Amino acid sequence: MTVIINRDNTKKLYIQLLDIMKGKIENGEWAVDSQIPTEDDLCKMYEVSKATVRQAVAELVRSGYVLKQQGRGTFVCKRVISEELSMLTSFKELMLEAKVVFSTKVLAQTVLMPTDDLDLMLNIPEDMHVIYLKRLRFVGSEAILLQESYLPHHICPQLLQDDLEQNSLLEILEKKYQIMITKVQDFIEVTPVSASEGTLLGLEPGTSALLLEQRFFAGSQQIMYTRSLKRPERFRFFIERERKS
Amino acid sequence: MTDQEKQVREIIIDVFEFPHVPYWFTIRQVSGILKKSLSGGKCLRPVAALVFDEKYNLLGHIEMKDILSGIASAAFSGQAEDLEVISAPGDETTTALKELSEKPVSTLLTPFKLFADPEDSIAKAAELMLRNNLQILPVLENQKKLLGVVRSTDIFEYLSTRFFLA
């Protein structure tokens, strides 16, 4: 059966297209290593604009389903984590909130509108107010981690008044707002720092730093997007996987 | 309660009806946000965004007209004779507009210097806004807590009903 895009659906078109494509990969219709249809073909198949297709494919790349190969096309990836494997890592360890003792300076705790694809990263409408937190984390007197977090304002408006220098954000979310994080997606890459980021982290602009982007979910709802920039020499990640059965 | 005694409290608009931007957002980003609020269907007049600092203190607001005057001064400086400056911009104009687009919103915002109290009469707020040519007036409780804003459109509604249509 061909799944089609429903224009009466309130979901954005690119999200619908994304869901359709994910489905095709998950059910094996689009096999590992095979090339997915070109942008033009997808436009015709689903009667959507090129912009919609680009957005959906970009998101598919970001979530690790496909890989773009310059000049060749876009191919279905082998999934790193198969369904039989579950990730046992306590996310708090990955979150860097538990094991390392940080002191924290809150640089910003304010509200803004999503611009420049933030709505996509947070999966919210572009006219939704967002709480923006910018925290610089220190070990001793040395700034080592710059964290920017974005949350839909309406899920925890009081967060603007909370003390984030003394308390862990994740603990506040769980204990005060009863927002239980059930899933975290991590994207790790190496990226050059901007001039302003470099100043905060004591790095020359353009120096490579480790970028950890995280999407936090409570059930099926995404509740936070965090961008953490770390001085490269400080951290080692530990990930353990175990077969369920 | 007589008409004169109607309070500001009754015409307050929640600040979340307006887009929020921090002062470091660029003119390009704010233009995008205002454009979206225009096409979003629930656009309030004046078309404006509220500008906050990093501690969520309200600094001021930026209206569509502020951006238009920014464009005007970037495009028309010293070129009063030339009327094709926007339809066929020269290198100089293009550069000036590009520079403007990356400037922070703080360069064009209208800072808030005056405030109303929710207990103030609408007439008092109206006078303050008319005297100072304000489109938006923030309302603070106990001179501290931001409750919302009063808009010139609601003041117009109030005054026109009271003086012209009563």
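Chain B has 5 helices and 6 strands, where helices (H or I, at least four residues) and strands (E, at least two) are DSSP runs numbered from the N terminus. The model is predicted: local features need pLDDT of at least 70, side-chain atom pairs count only at pLDDT 80 or more, and totals for chains, interfaces and linings use all residues. Residues are numbered from 1 along each chain as its sequence is written, while chains are lettered from A and ligands numbered from 1 in the order in which they are written.

Along the sequence, chain B reads β-α-β-β-α-α-β-α-β-β-α. Its C-alpha atoms fill a box of roughly 60 × 40 × 30 Å along the principal axes. Of the 166 residues of chain B, 27% are buried. A residue is buried if 20 or more other C-beta atoms lie within 10 Å of its own, exposed if 12 or fewer, and partly exposed in between, with C-beta atoms placed from the backbone. Two residues are in contact if their C-beta atoms, placed from the backbone, lie within 7 Å. Among contacts in chain B with a separation of 6 or more, 64% come from residues 24 or more positions apart.

B:Pro104 sits in the loop between helix H3 (91-101) and strand E4 (110-111) of chain B. B:Pro104 counts as partly exposed because it has 17 C-beta neighbours inside 10 Å. Leaving aside residues up to four places away in sequence, B:Pro104 touches B:Tyr23, B:Trp24, B:Phe25 and B:Thr26. B:Val30 lies 74 residues from B:Pro104 in sequence, yet their C-alpha atoms are 9.2 Å apart.

At the interface, 16 residues of chain B contact 12 residues of chain A. On the chain B side, strand E1 (20-22) and helix H1 (27-39) are the elements that give two or more residues. H1(B) gives the most, with 5 residues. The chain B side divides into 7 nonpolar, 5 polar and 4 charged residues. Here Ala, Val, Leu, Ile, Met, Phe, Trp, Tyr, Cys and Pro count as nonpolar, Asp, Glu, Lys and Arg as charged, and the others, Gly among them, as polar.

Chain A contains an open sheet of 6 strands in the order E4-E5-E6-E9-E8-E7, with antiparallel pairing. Two strands pair if DSSP finds at least two bridges between them. Strand E4 (103-112) and E7 of chain A are the edge strands, each pairing on one side only. Neighbouring strands are turned by 15 degrees against each other on average, direction ignored. Strand E7 (residues 183-192) is joined to strand E8 (residues 208-218) of chain A by 10 bridges, and the two run antiparallel. A:Pro192 stands opposite A:Ser208 in E8(A). A further 9 bridges join E8(A) to strand E9 (residues 221-230) of chain A, again antiparallel. A:Phe216 has A:Met224 in E9(A) as its bridge partner. E8(A) and E9(A) form a hairpin with 2 residues between them, and A:Gly219 in the turn has a positive phi of about 65 degrees.

Helix H1 (residues 13-26) and helix H3 (residues 50-62) of chain A pack at about 50 degrees, with axes 8 Å apart. That angle makes H1(A) oblique to H3(A). Axes are lines fitted to C-alpha atoms, for helices over the stretch in contact, and angles run from 0 to 180 degrees between N-to-C directions. Angles under 35 degrees count as roughly parallel, over 145 as roughly antiparallel, 65 to 115 as roughly perpendicular and the rest as oblique. The contact residues of H1(A) and H3(A) divide into 8 nonpolar, 2 polar and 1 charged.
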